[in-house]
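Open the model in your viewer and keep the selection tool at hand. The stops below go from one selection to the next.

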2 protein chains.
Amino acid sequence: MKISMYQASVPMFIRMLNNLAAVLDKGAAHAEAKKIDPSVLVNARLYPDMLPLARQVQIAGDNAKGVAARLAGLEPPKYEDTETSFPDLKGRIQKTISYLNTLRPEQIDGSEERSFTLQIRGQPVTFQGMPYLLNHAVPNFYFHVTTAYDILRHSGVELGKADFLGTR
Amino acid sequence: MKISMYQASVPMFIRMLNNLAAVLDKGAAHAEAKKIDPSVLVNARLYPDMLPLARQVQIAGDNAKGVAARLAGLEPPKYEDTETSFPDLKGRIQKTISYLNTLRPEQIDGSEERSFTLQIRGQPVTFQGMPYLLNHAVPNFYFHVTTAYDILRHSGVELGKADFLGTR
């Protein structure tokens, strides 16, 4: 039966974005319990030249919607990066999931060899659907979801692997 | 054409383990340049109750060989966790990649519905090949590879996304 391009992308992105939203809930609850200004966590980084939590969440979502749209041959919607709080970031995730839910399997399946050109550091790079998804999009997505989780763990939020993997 | 179970597992694991080995090289070079005892980096953590770099690397590899072996219906090889240095960890990665290279596509393809039982926190849990790979094994693998990278970034090693994604 093999894995369809849809199965390897949209449901996985939605699952992990839901898990990330639940991880953010724990971050918000931790800030409240410890009387920490939540914006300290929203702006927390693992290193001065790494991106803060808010950007990790925004980029994870942008990656998901960008990849899914490109595989479907659509222009991904653009969202302004205006989120400054946990509720804002959760709203951004929900908006992204709502968009992903508009994409039907038949729009994405069959995109294994579909090619498209992206600007990477100012240079046009042409990708084919399957190698793009497996070698570029999926690792990039997981990079930002994991780093968001790692920022909150590093900030003392009590999270475990089950929060990352989810139970759905 | 769709994505085969082999395509979605073994070559991706090998690619990311090679990237991780190159990231460790940069960690070792950083320790030498800054006259830092390399074991400080090998034992570095993002938080006291998170696992250190060495364990992240070991678990990422164990995940890769465990998943691939189970999909092939084989018992994964067991490696002792004895690595205490960058060269040790690179050796562990190479040993894991050598094992992965013994697995042929025809052993893993068709495992979408193959079921197997794992002990998770002492409880037997039965998984089917495809949901196991996409919902459990792949996120878990990326979690540990990303966290290994994040530990080194957090420790001041100069790494960029290109090191994580690789150029192969």
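Begin with the two chains shown together, bearing in mind that this is a predicted model. Across the interface of chain B and chain A there are 14 residue pairs in polar contact, both residues at pLDDT 80 or more.

Now select the contact residues on both sides.

To see a salt bridge between the chains, show the side chains of B:Asp49 and A:Arg153, where N and O are 3.0 Å apart.

Colour H3(B) by accessibility: 16 of its 19 residues are buried, which leaves the helix mostly covered. Then go past the end of H3(B) to B:Gly73, which follows the helix and has a positive phi, near 75°.

Next, select B:Arg92, in helix H4 (residues 86–102) of chain B. Is B:Arg92 buried or exposed? Its relative accessible area is 2%, and the cut-off for buried is under 20%, so B:Arg92 counts as buried. Show what lies around this side chain. Leaving out residues up to four places away in sequence, B:Arg92 touches B:Gln58, B:Asp62, B:Tyr79, B:Glu80, B:Asp81 and B:Glu83. With B:Asp81, the side chain of B:Arg92 makes a polar contact of 2.9 Å.

Move to chain A and select A:Arg92 together with A:Glu83. The two form a salt bridge, with the closest N and O atoms 3.0 Å apart. Both ends are buried: A:Arg92 has 2% relative accessibility and A:Glu83 has 10%.

Stay in chain A for another salt bridge, between the side chains of A:Lys26 and A:Asp163, at 2.9 Å from N to O. A:Lys26 is in helix H1 (residues 10–33) of chain A and A:Asp163 in helix H7 (residues 161–165) of chain A, so this pair ties together parts that are 137 residues apart in sequence. A:Lys26 is partly exposed, at 36% relative accessibility, and A:Asp163 is partly exposed at 21%.

Return to chain B and select B:Lys26 and B:Asp163. They form a salt bridge whose closest N and O atoms are 3.0 Å apart. This pair links distant parts of the chain, with B:Lys26 in helix H1 of chain B and B:Asp163 in helix H7 of chain B, 137 residues apart. B:Lys26 is partly exposed at 36% relative accessibility, and B:Asp163 is partly exposed with a relative accessible area of 22%.

For the last stop, select A:Arg55, A:Asp62, A:Lys65, A:Asp81, A:Glu83 and A:Arg92, which are joined into one network by salt bridges that share partners. Over all chains the count comes to 16 salt bridges.

How values were computed: Residues numbered from 1 in each chain as written. Chains lettered and ligands numbered in written order. Predicted model: local features only at pLDDT ≥ 70, side-chain atom pairs only at ≥ 80, totals over all residues. Heavy atoms only, no water. Salt bridge = Lys/Arg side-chain N within 4 Å of Asp/Glu carboxyl O. Polar contact = N/O pair within 3.5 Å; in protein donor to acceptor, adjacent residues only side chain to side chain. Helix = DSSP H or I, 4+ residues; strand = E, 2+ residues; numbered from the N terminus. Buried < 20%, exposed > 50% of the residue type's maximum accessible area, 1.4 Å probe, protein only. Contact = heavy atoms within 4.5 Å.
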